[in-house]
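Reader: I want to learn how to read salt bridges in a model. Can you walk me through some?

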Amino acid sequence: MKKINKIKTLILAVAVSFTACDTVDFGDTNQNPNNPSTPVTASLLANVQRGTSGYIASTTSNLYVQYLSNGQYDEESRYQTLNWSPDGSYGLLEDLRQIIEINSNDDTKIAAQAYGSNGNQIAAATILRVYIMHGMTDRWGYLPYSEALDVSNNIYPAYDSQEAIYDGLFNELDTALASIDGGNGPDSDIYFGGDMDRWRTFANTIKMVMGLRLSKADPAKGQVKFNEALSGVISSNAENIKYTYLSEDSNDNPWQDRFESRKDYLMSDVFVDKLIGTGTNTLPEDPRLAKFAEPATTSATFVGAPYGASNSATANYSFITSDIISNSEAPLMIYTYSEVLFARAEAAAKGWTSEDPASLYNQAVTASMEQWGVDSADATVYLAANPYTGIEDIAYEKYVSLFFQGYNSWAEWRRFKAEGNDGRIALVAPANLLSNATDIPQRHGYSATAGALNEDNYNAAISAQGADNLDTILWIFK
């Protein structure tokens, strides 16, 4: 964030120094006709959506929830990294701010209509902004929000509390939904191809997820927001929200790229053993394991690699399904129908709605099986052996269904743990942790330079939130 602000401040300073020389008129000497001064909003939107791929395809979060183990280099699963910089995400937020400004400003909004109606471009940019900022605050907690990107007024933005950020994001979602009109959707829309009905579903699904995420910190508000969104969320697997990759190297599935030259990620023993369950390593109890993973090369059985350890004999362990790591066009999920059904089941079990939790649980497990291509007969057998008995069952099955949706799963695991509903998930940190954490991480650390670049506000944030380390529990999960 500070890096972005410093660059913008320099640009502003240069602009001021030139405009002060008001007797000089350079005409159009410095205007490049091939580089328009007003950015193309369609290009900005596509750039932001491409920028979310790293978050969606994260390795670290999938290791935190122990879907995966490391290969030879085990530091990531032992929590070596303390600091992550949100600067890249703020760069994406700046692009979205520009889309909103261009479509709002009287001098630019008419021309911007070439890329979709003003209202729909503003709505899409706002919804995407909420999606990104929500993911950020659930990783770091306190962050610059209300004063972020306002470099002309404040180059040292305050860190807002997570509660304040959630309140602001709920308001932004409501504003965005109200901005959707009957005009054209945004051009160059990688997610939805300009379909504003899909954007509306995206917004409501984010709102539902955020509402349920408040179940520990502020259940009363969470219930209200959850129910406001309920009628507009994903309603089938056909509506799953995903990032669709292309065959070209510049836009292909990152997991395929990771496995082109090295094999650093294996299925973890923690996850594989859970799915084998009462079955065998050739015929696991949970039929999704055969869709998530490949049998080990040396044994033709499902074998998870020890979590938190160095596993150099990779052929002895199961890899992620080749449908993902060998397919450049394999999509990665953002939100799914099963995720929504599990949320509805949990809300019903908490008394937030009048729906039937057992029925929704069955539908959710079935939707997850269908998403991964499991035969319906196998799904029926699995459900008969794993009926709904309470929220712990929802928590476990949701955890399984969120395979490869690392940041969604990590956030939900932290929430279930905070509420004491993680008994069936039962994640345990490896014994040989590095010095940056004493347990499975509860947050990311701020960038290593955050304290030096915005000292007063950084100190105020950690004073209110807790130490800037991986162990501090965020407000939403306390």
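Author: Start with a side chain. Lys-221 has 24% relative accessibility, so Lys-221 counts as partly exposed. Buried means under 20% relative accessible area, exposed over 50%, and partly exposed lies in between (1.4 Å probe, protein chains only). This is a predicted model: local features need pLDDT of at least 70, side-chain atom pairs count only at pLDDT 80 or more, and totals for chains, interfaces and linings use all residues. Residues are numbered from 1 along each chain as its sequence is written, and side-chain values use heavy atoms, with hydrogens and water left out.

Reader: With which residue does Lys-221 form a salt bridge?

Author: The general idea first. Side chains of opposite charge can pair when their charged atoms come close. The cut-off is a side-chain nitrogen of Lys or Arg within 4 Å of a carboxyl oxygen of Asp or Glu. Here, Lys-221 pairs with Asp-218, and their closest N and O atoms are 3.8 Å apart.

Reader: How many salt bridges does this rule give?

Author: The count is 25. Take Glu-172 and Arg-129, at 2.7 Å from N to O. Glu-172 sits in helix H8 (residues 162–179) and Arg-129 in helix H7 (residues 118–140), 43 residues apart. Helices are DSSP runs (H or I, at least four residues), numbered from the N terminus.

Reader: Are Glu-172 and Arg-129 buried or exposed?

Author: Both are buried.

Reader: What does Arg-415 pair with?

Author: Arg-415 bridges to Glu-346, with the closest N and O atoms 2.7 Å apart. Arg-415 is in helix H19 (residues 406–419) and Glu-346 in helix H15 (residues 337–349), so the pair ties together parts 69 residues apart in sequence. Both Arg-415 and Glu-346 are buried. Shared partners join them into one network, whose members include Asp-138, Arg-213 and Lys-350.

Methods
Helix = DSSP H or I, 4+ residues; strand = E, 2+ residues; numbered from the N terminus.
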